[in-house]
Amino acid sequence: MGRVSLQGVTKKFGDVVAVDHLDLEVADREFLVLLGPSGCGKSTALRMIAGLEELTEGTITIGDRVVNDVEPKDRDLAMVFQSYALYPHLSVRKNIEFPLRTRGVPKETRAATVADAADSLGLTGLLDRKPGQLSGGQRQRVALARAIVRDPEAFLMDEPLSNLDAKLRVETRAELVELQQRLAATVIYVTHDQVEAMTMGDRIAVMSEGVLQQVGPPQEVYARPANLFVARFIGTPPMNTIPGAVAGANADVVVGVRPEHVTVGARGSGIDATVALIESLGHERHVICRLVDGSTVIARQRMDVAPPDANADVGLAFAPGDVHHFDAAGGARLG
Amino acid sequence: MRADSKSGRRLRTFGSYAILTVLAFIVLFPIYITVVNSLLRPVDIASRPPVFFPLHPKWSSYVDAWNGGHMSKYLVNSFIVTIAITVGQVVTAILAGYAFAFLEFPFKRSLFVVFLATLMVPFEVTVVTNLDTVRTLGWFNTYQGLAVPFLATGFGAFLVRQAFLQVPRDLSDAAALDGYGHWRFMTRVAVPIARPAVAALTVFGFLGAWNQFLWPLLATKDDKLRTVQIGLKTLRQTSLNDVNVTFAGAVIAVIPIAILLLAFQKHLVRGLTAGAVKG
Amino acid sequence: MTSSRTRRRRREASLGYLMLLPALVIFAVFIFYPFLRNFQLGFYLNPPFPNLPKRWVGFDQYRDILGSDSFISSLKTTVAFAFMTVPAGIGLGLALAVTANRRLRGIGVYRTIFSSTVATSVAVAAVIFSMLFNPIVGLLPWLGISPTPPIIENPNLALAAVALVTVWQTLGLTFILLSAGLQAIPEDLYEAAQVDGAGPNTRFWRITIPMLSPTLFFAVVIGSIHAFQSFGQIDIITSGGPFKRTNVLTYSIYGELNGTNGPPNPGKAAVLAIALFAITLGLTAVQMRVLERRVHYAR
């Protein structure tokens, strides 16, 4: 069973707490994305699951087995690295075969498994090349093939797409999800890219400064962010956050509105603002407005709506149902 | 105007070749005259004006150097000692370099400083006691005595460590997940990746060991153990009347290294420059 | 949990020490122990005849030897030797490297020739040149260079002759080193300078030399250390003579050990070895300091 469970997992490097009492349950066959800015502890968490870092505190369970003291090789996990970690002196075939060799799989079985994996990832014609002769996308697929042949309890992926160019990244995203469904595999996927998280994950776990902020399906995390950090981190452009006093609410709250929920109208409707900049993206428009206290609010407009004039004095309105309230002191969601 | 600059360029090219050829002649002349003299009769070597081309080459000087001058024995000794030293240096450097690059243990930094400190002690400074040590161990005038003191160098460990540090950390992590322990990771992944550095160290170690002079002079006492370098000195003293034999001996002493260098020129350059370009 | 972790750590540490052990044993026995024992040996005066007991004299021997005329003159000889070999060697090596650093057909052949002396050892070079210097069979006398007494026995020329051999023998090495440095200078720097109207001279002094300075610095340090440790060419060509005019420090250590000046005297050899070490160390430090300031890339 490819279930992975983290209980109170903590990692300290000297005085620095990289991961702080992380509780996380990953179900069998689930695609879970660990999302957060760089340095938030997501990679450290993944490396602890892999056994590459020791735990300072807590318990990690894979299947029904506590693996705290189990060597990486005995955890039955496969990992795909950001750099792909291909052995530069070995051919593609030898690279894919590598984990099987170390496990003493007989030669014929190895050859068949490698051929299958190569075939499913379109690598058959490249088996005798060295990694140095491959493109970035091909290397990435070799790294995947090497993970697949293991048939592990779970796949761990550390920013596997971030070295690809933008176009290839979009294509590979879809391929990865398809692959995960075909293999019925458990995947724990680390990324700083919220688009990857939103499009690929069954659930997203958002981390910041070593602390887990929220776990849930992508839509839920987007629609009901648990705190200000999540609200500001997910969504492009990010959620507007306005001090309660300026937005006409209590001073001890922060009001959050997504840009697509802001309507730019005439002065007097909603809160007062001045248009600072208008960015046209082709399919939509971002109207960047300045409030009286100097803070910025971004509104998304469809292109068929008439734009406001530059530097115009406007009013910003939003429906009560689209407004999020957060505690100004702690940042937690209210209601 | 165009024709002018064209002929000017041609003149410059010609000038470059002229200068290069003159310099090449000067650098190569001592080696050339050595080869010529090794093929002349002693009387011809002393003739004035000197003979600059052997019209009737006399190869017997090589036979004399090889047999009578014991050059064959010296060469064998040199090969045994040099190969032992080279293999030893490479193995100890890989082991130490791996420990410094991939393992964590108490006092690692201090121990690395100890390794670097060995570079500050010239061998000439240790020779007084080493001679006693080798005598005490019963290794005077033996192959062990010639080889063992040089089986490890701080330079080698440093060079290999630097190369190992270039091995991406993801690679060792991947290998750990794939079930490779340290020994297998070292021999199957780290060393193959660091091959350029290991090759440079091999060439460098071989050259250094082959050319040693002071220690084999002190630590041997007869032809049974003398290396080529010491043998050449002996040959010169014993064949004063047959200078052609000495010249032949010098050529014999150079040939193995010349072959090695022609084959591995690239690696030597890398070994030499490793210390110079640290960033 | 903790115990398994410490067990893993301990295993990794043991492996680390195990891997360092072979080198450490060699270093301990053949570098550090003999290095330290030099100091102890220096406290004992060796008897004038073998088989008599050594006598403890403490620092007296250090004072006597390091203050003696023979040590001072040996030191002067060593320094003079370094001054004869290092600048000349690097100057010639640089000349060869710059000359060969251009795109011409067949330049590889010239490069191989210029680096060819790496194939020779000190002993080979010394044997070849001692024959060429020889007044009967040598070529120099035929070229009209025939001083009396002959070069090798001539107190005014012997050291220079040994220096010449050294420069030639190390030329290949210097050439390779400086060539690699030259080739590392980006081509576009020269092109930019050319566009700016800099002539060949300006380019050499304003680009080549500053950009090459780290390599030159390295070559000077290595060259000096080599010069101070030169032995084979002196042993073969002059045996320290004439009148000890080529009796550099290493040769005087060898002399005390080998019994060239009476019975072997390890005590004296040890004191001389310490001096050699101190000089090498000091030399490196001074050079680092002095050259550090001038070694920088052009801004």
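So, how many residues does the contact take from chain B and from chain A? It takes 13 from chain B and 17 from chain A, where two residues count as in contact if their C-beta atoms, placed from the backbone, lie within 7 Å.

Quick housekeeping. This is a predicted model, where local features need pLDDT of at least 70, side-chain atom pairs count only at pLDDT 80 or more, and totals for chains, interfaces and linings use all residues. Residues are numbered from 1 along each chain as its sequence is written, while chains are lettered from A and ligands numbered from 1 in the order in which they are written.

Back to chain B. On its side that touches chain A, α9 (169-178) and α10 (182-193) of chain B give two or more residues each; helices here are DSSP runs of H or I, at least four residues, and strands are runs of E, at least two, numbered from the N terminus. α9(B) gives the most, with seven residues. By class, that side has nine nonpolar, one polar and three charged residues. Nonpolar covers Ala, Val, Leu, Ile, Met, Phe, Trp, Tyr, Cys and Pro, charged covers Asp, Glu, Lys and Arg, and the others, Gly among them, are polar.

Now turn to chain C. That contact takes 67 residues from chain B and 72 residues from chain C. Among the elements of chain B supplying at least two residues are α1 (2-38), α4 (71-102) and α14 (243-274). The chain B side splits into 47 nonpolar, 15 polar and five charged.

Last stop, chain A. Strands β1 (residues 4-13) and β2 (residues 16-26) of chain A run antiparallel, joined by seven bridges; strands pair if DSSP finds at least two bridges between them. A:K11 has A:V19 of β2(A) as its bridge partner. Their hairpin has two residues between the strands, and A:G14 takes a positive phi near 65 degrees there.
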